[in-house]
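Work through these exercises with the structure in view. Try each task before reading its solution.

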Protein chains: 2
Amino acid sequence: MSKKWIVGVDLGGTTTKLAFITNDGEIIHKWEIPTDNANEGKNITINIAKAIDEKLKELGQTKDNLIGIGMGAPGPVNYEKGIVLNVVNLGWPNNYPLKDSLETATLLPAAIENDANCAALGEMWMGAGNGAKDLVCVTLGTGVGGGVIAGGKVVQGINGAAGEIGHITAIPFGGAPCNCGKTGCLETVASATGIVRLARMELAKGSPSELTDKIAENGTFTAKDVFDAARNRDELAQTVLNEVSFHLGFVLASIANTLNPEKIVLGGGVSKAGDILLNPVKSNFEQFAFSAVRDSTKLALATLGNDAGVLGAAWLIKNQLNQ
Amino acid sequence: MSKKWIVGVDLGGTTTKLAFITNDGEIIHKWEIPTDNANEGKNITINIAKAIDEKLKELGQTKDNLIGIGMGAPGPVNYEKGIVLNVVNLGWPNNYPLKDSLETATLLPAAIENDANCAALGEMWMGAGNGAKDLVCVTLGTGVGGGVIAGGKVVQGINGAAGEIGHITAIPFGGAPCNCGKTGCLETVASATGIVRLARMELAKGSPSELTDKIAENGTFTAKDVFDAARNRDELAQTVLNEVSFHLGFVLASIANTLNPEKIVLGGGVSKAGDILLNPVKSNFEQFAFSAVRDSTKLALATLGNDAGVLGAAWLIKNQLNQ
């Protein structure tokens, strides 16, 4: 049994990540295939099944070696029913029975979950969560996503919308419009896009900054450039970083006062900034956390990077088969 | 079995509520005894055991009729270990083994939990939660307490501090000092004490209000007086109500964006204000909730009043014995 593999799949709008993973969380082999959204998304699970068969052949293995497949999908998922409620960019109709479709195509027992929740499970299992059963993961990428784990289980919410941490309001009045239709969401200030927007607002005030040189060179700049400038003691970049850290620390403290998780793990591209982000977020968090929470809930950077999704997906089916 | 009773106990600093409850949640008999904090709290469980024996005799029953005892205690509790971590006003030393003490005194299987969590379980079982397995309860009393239930289980937190909703920061800068040592906690604006404080601040500005008459009559006024005045279209009271509703709606939306519970139940003395509080809280909540959360998470008033605690305590041991 322990030598058998689990298939972990992390489905994205353009690329699908796959991996063969042992029961102990070791990634044996990982690879990517393009996601084919055509034909109402009907090719997606078929392509995954084909990719698995080809890779097994390439590695000189057979399907007997696989015990199950777990998959993370973007958008709200009903885990019990195995359906994806609605996804805009994959072609699937609403309430798409992804678990059934995956089982039919691969002939393997399958489990599905929202991708941000899979990342959280991955970090719980093999990453910064380090086995913690009460964990909140926040993914700071183009947007801001989240996953909440309580007692070792993903909190789904009645409508699959638990963990929508990016859409907690950070700025109640006069905040920037968010893609979700509200204004002032955490995503508008703490995502890569939000950080660049804040810096542009500061630049528009005419304040000097090395980011002006970046624009002169490349016509634009990234969130990473803002962090790099802050490291160089660029005042404008530090102002932006202070604002981002305040909002993140404040929102994470509210979450921690509600759940008192063992860890809050920050992942996604923005979190690669490392301590220059983590330290001021921590100090804001400590200011707004209830004493018993401040003393016990730890903030940490994610450690798995892009592998969190496939690992969490694999954990999902492993856990289900063990029950 | 179904005719046997469970003992539910709700321990308070001055009064202990007890009830005999059926497996179906029917309260057969309820009564109160004073809480005796003397002798390092050693009398508390002994007095409970005596009170149960006396009441059984009074009702012509024997102990064979009881299947177990559940108890809610003020302060953080480690449910697994059955210990109360620290309580200031009951005389117990830190890490007091309340479950063992209760079992020794009553010779019944016991389970203990934080009192706010018990109230949440009570509302889940027999009250406004109506069986919902994902539920957040907020108690608006002298302070603001909370209980979070996910998947039918209380979320404890790593340090027993989950559900500290009253200490989520509502006003990040310049808020009033809170008993917890922070400033601007939800409790400073949404508790009975907080509401009176806000009204006093408005009165200090010299604005006219019928609350001035209350002060002339009684030397003081209550949160209920503020709601009554708001019902009479007293402008100052309505200003206070708007502020309270904004902060409550905002914080509850943040919680709902994190957990997407089926229901958020408002209990405690302040919640008796009813729709004049619930309606503006709802409209603020809807403004700050993510669309999929707004469409699914419902706000409701608690229905069990003071019985929530004993019912939740009874559910606790019933649930444990059934497992």
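Two residues count as being in contact if their C-beta atoms, placed from the backbone, lie within 7 Å. The model is predicted.

**Exercise 1. Two helices of chain B**

Task: Find which residues of α7(B) and α8(B) meet, and describe how the two helices pack.

Solution: 
- Start with the contacts. From α7(B) come Val226(B), Ala229(B) and Ala230(B). They meet Ala237(B), Gln238(B), Val240(B) and Leu241(B) of α8(B).
- Sort these residues by class. Six are nonpolar, one is polar and none is charged.
- Now take the geometry. Helix α7 of chain B spans residues 223-231, and helix α8 of chain B spans residues 235-259. They pack at an angle of about 115 degrees, and their axes are 7 Å apart.
- Name the arrangement. Because of that angle, α7(B) is roughly perpendicular to α8(B).
- α7(B) and α8(B) cross in a left-handed way.

**Exercise 2. Domains of chain A**

Task: State how chain A is divided, and describe where its domains touch.

Solution: 
- Domain 1 of chain A holds 5-122 + 307-322, and domain 2 holds 130-303.
- Over C-alpha atoms, they are 28 Å apart.
- Count the contact. Domain 1 of chain A brings 12 residues and domain 2 of chain A brings 14.
- Look at the domain 1 side. β5 (77-78) and α3 (115-126) of chain A each give two or more residues. The largest share, five residues, is from α3(A).
- Sort that side. It has nine nonpolar residues, two polar and one charged.

**Exercise 3. Chain A against chain B**

Task: How many residues does each chain give to the contact, and which element of chain A gives the most?

Solution: 
- Count. Chain A gives 39 residues and chain B gives 39 residues.
- Find the elements. On the chain A side, β9 (144-150), α8 (235-259) and α10 (291-294) give two or more residues.
- Pick the top contributor. α8(A) gives the most, with seven residues.
- Sort the chain A side. It divides into 20 nonpolar, 14 polar and five charged residues.

Note on methods
Residues numbered from 1 in each chain as written. Chains lettered and ligands numbered in written order. Predicted model: local features only at pLDDT ≥ 70, side-chain atom pairs only at ≥ 80, totals over all residues. Domains from an automatic or database assignment. Helix = DSSP H or I, 4+ residues; strand = E, 2+ residues; numbered from the N terminus. Nonpolar A, V, L, I, M, F, W, Y, C, P; charged D, E, K, R; others polar. Axes fitted to C-alpha atoms, helices over the stretch in contact; angles between N-to-C directions. Parallel < 35°, antiparallel > 145°, perpendicular 65-115°, else oblique. Left-handed = near helix turned anticlockwise from the far one by under 90°.
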